[in-house]
Amino acid sequence: MLNPDLVGRTFAGATSTTITAESIAAFALALGEPETHLAPPTFAITISLEQSQSVLVESGLDWSRVVHGDQRFSIYKQLVAGMQIQCDSTIESARVMAGNEIITVRSDLIESGETAVSSWSTLVFRA
Amino acid sequence: MSIFKVGEVLPSKTYIINRASLVTYANASGDQNPIHQDEAFAKSVGLENVIAHGMYTMGLVGQYVSSMAGSSSKVREFSARFTKPVVVPAGVNVELVVSATVVELTDEVARLEITATCNEVKVLGMAKAVILL
């Protein structure tokens with residue numbers, strides 16, 4: 001069970017990630033996207049999910065029980081190679097349904113002090 | 001003037017998901033969970049077979065949205081619920097069929113409601129996107 005005091009808490013990413021041209025191209029090619037120099041709309045997940053995982057595992061949740069429930073992206077600025085991204089994750093909500101714990105984490109990918117992409121992941125930790 | 005009309009159903013596209021494409025996505029995304037690659041492991045945790053990463057399916061739908069918008073740089077909002085797993089048996093090309101309806105237009109953006117099915121079963125719920133015109 002997640003400590004309810006953690007709901008609303010923001011965890012700043014410990015390190016920043018530099019987006020590489022190779023990582024964008026590999027992700028775009030895997031999706032059949034011809035524009036291999038632009039991060040596809042779901043690229044932010046490669047940064048945000050790892051940060052959400054480390055926050056939730058450190059908070060005592062068992063990542064081997066997780067199922068992705070839903071996902072949303074707001075894209076304010078196109079991600080491209082060379083950007084240095086700091087990722088902050090906020091636990092927005094947590095509830096229990098039929099023994100499963102349902103947690104929504106918002107991750108903000110911040111570039112030069114401005115949010116480029118916000119990614120909301122709702123994760124279901126099965127009982 | 002927009003090239004879209006409210007109520008217009010956009011042309012569908014079909015994407016192929018198979019075991020090889022799951023490995024490619026796993027390597028590109030960093031998500032190496034064995035339920036997406038290892039049949040014995042997937043079955044040991046109660047799944048029918050290997051399943052696609054939800055984010056792979058959503059990523060392919062994102063490609064559809066980008067292609068309708070004209071560029072991935074025009075996608076501003078994108079959301080979906082993972083309602084049904086996409087089961088990927090060995091040696092099978094699973095077809096993901098994606099289409100969308102234009103539900104709202106402003107001077108700047110179009111709002112799309114998206115349908116994604118495999119074997120005529122919806123695999124995403126509440127799939128929506130906002131694209132720049």
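Trainee: Hi! Which residue in β6(B) is the bridge partner of B:I114?
Mentor: B:A127 is the bridge partner of B:I114 in β6(B). Keep in mind that this is a predicted model, where local features need pLDDT of at least 70, side-chain atom pairs count only at pLDDT 80 or more, and totals for chains, interfaces and linings use all residues. Residues are numbered from 1 along each chain as its sequence is written, while chains are lettered from A and ligands numbered from 1 in the order in which they are written.

Trainee: How many bridges join β4(B) to β6(B)?
Mentor: Six bridges join strand β4 (residues 109–118) of chain B to β6(B), and they run antiparallel. Strands are DSSP runs of E, at least two residues, and helices are runs of H or I, at least four, numbered from the N terminus.

Trainee: And what does B:V61 touch?
Mentor: Leaving out residues up to four places away in sequence, B:V61 touches B:A80, B:V98, B:I114, B:A116, B:L124 and B:A127. Contact means C-beta atoms, placed from the backbone, within 7 Å.

Trainee: New topic: which residues of α1(A) are buried?
Mentor: In helix α1 (residues 21–30) of chain A, A:I24, A:F27, A:A28 and A:A30 are buried. Buried means 20 or more other C-beta atoms within 10 Å of a residue's own, exposed means 12 or fewer, and partly exposed is in between, with C-beta atoms placed from the backbone.

Trainee: What sits on the face turned away from them?
Mentor: The exposed residues A:A21 and A:E22 are carried there.

Trainee: What do the buried ones pack against?
Mentor: They pack against α2 (45–58) of chain A together with α1 (19–29) of chain B.

Technical notes:
Two residues are in contact if their C-beta atoms, placed from the backbone, lie within 7 Å. Two strands pair if DSSP finds at least two bridges between them.
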